[in-house]
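Subject: Structure handover

Hello,

I am passing on the structure we discussed. The sequence and coordinates come first, and my notes follow.

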Amino acid sequence: MKKIVCLFVLLATFSLSAQEFHVIPKVGLNLSTMTNGGDVKGGMNIGVSGEIMMNQAVAFEPGLYFSMQGAKADVGLSNKATLKTNYINIPLLVKGYVYDGFHLFAGPQVGILASSKAKIKEGGSSYSENADDALKTMNLDLVLGLGYLFDSGLSISFNYNIGLTNVSDIDDGKTRHMVAQFNVGWRF
């Protein structure tokens with residue numbers, strides 16, 4: 001709880017010294033996998049961020065997103081497994097406007113597991129089960145990205161989230177999320 005209070009105090013301090021504040025709702029495509037193997041699984045992310053301009057070229061951008069992640073794998077000749085994980089992600093990004101509307105951003109992201117499900121297809125039958133017990137409730141990523149902000153307010157971006165922490169209680173530090181995200185948003 002103390003960490004959350006400190007975060008809000010830090011955000012309030014930034015916003016008091018900031019020249020402008022913008023809200024940016026976003027929606028996008030996720031292409032995710034895990035470091036212990038598996039194929040790419042598609043999903044979506046949706047959320048909102050706040051852009052706190054520190055000066056003309058630098059901004060602080062905290063956000064709150066719902067993100068569909070996971071991975072797929074072939075198990076044998078006709079068996080397939082899919083791990084679907086849903087996270088509430090909280091990125092804390094520093095954004096630098098390099099030229100015109102082109103910007104680069106980076107920072108940490110905390111992910112809170114909202115739900116997970118493992119789906120297995122064996123031959124002609126399939127079954128699903130809750131996978132929450134096999135996954136840790138929190139993870140940490142490093143977000144690296146770039147984007148462009150048009151004069152109209154339209155924002156497009158690409159980022160890659162590199163998992164820094166093990167997300168599995170079963171594996172010995174080898175299961176981390178790796179997520180590529182393509183987003184479209186509107187800056188108000």
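The salt bridges come to five by the rule used here; bear in mind throughout that the model is predicted. Side chains of opposite charge can pair when their charged atoms come close.

Take Arg187 and Glu20, which form a salt bridge whose closest N and O atoms are 4.0 Å apart. This pair links distant parts of the chain, since Arg187 sits in the segment after strand E9 (177-186) and Glu20 in strand E1, 167 residues apart. Glu20 counts as partly exposed, at 34% relative accessibility.

Arg187 also forms a salt bridge with Glu51, where the closest N and O atoms are 2.9 Å apart. Glu51 belongs to strand E2 (residues 41-53) and Arg187 to the segment after E9, so this bridge ties together parts that are 136 residues apart in sequence. With a relative accessibility of 0%, Glu51 counts as buried.

Glu61 and Lys26 make another salt bridge, with 3.1 Å between the closest N and O atoms. Because Glu61 is in strand E3 (residues 58-75) and Lys26 in strand E1, the pair ties together parts 35 residues apart in sequence. Glu61 is buried, with a relative accessible area of 4%, and Lys26 also counts as buried, at 11%.

On the overall fold: the chain has one helix and nine strands, in the order α-β-β-β-β-β-β-β-β-β along the sequence. Of its 188 residues, 38% count as buried. Among contacts with a separation of 6 or more, 57% are between residues 24 or more positions apart.

Leaving aside residues up to four places away in sequence, Ser116 touches Lys84, Thr85, Asn130, Ala131, Asp132 and Leu135.

A nonpolar patch on the surface, with about 980 Å² of accessible area together, includes Leu29, Val40, Phe102, Leu146, Tyr160 and Phe182. Strands E1 (20-34), E4 (79-99), E5 (102-122) and E8 (154-163) each supply at least two of the patch residues. Tyr160 lies in strand E8 and is partly exposed, with a relative accessible area of 32%.

Regards

Conventions. Residues numbered from 1 in each chain as written. Predicted model: local features only at pLDDT ≥ 70, side-chain atom pairs only at ≥ 80, totals over all residues. Heavy atoms only, no water. Patch = residues over 30% accessible without salt bridge, like charges linked within 9 Å, V, L, I, M, F, W, Y side chains within 5 Å. Areas by Shrake-Rupley, 256 points an atom, 1.4 Å probe, with all protein chains shown as cover. Salt bridge = Lys/Arg side-chain N within 4 Å of Asp/Glu carboxyl O. Helix = DSSP H or I, 4+ residues; strand = E, 2+ residues; numbered from the N terminus. Buried < 20%, exposed > 50% of the residue type's maximum accessible area, 1.4 Å probe, protein only. Contact = heavy atoms within 4.5 Å.
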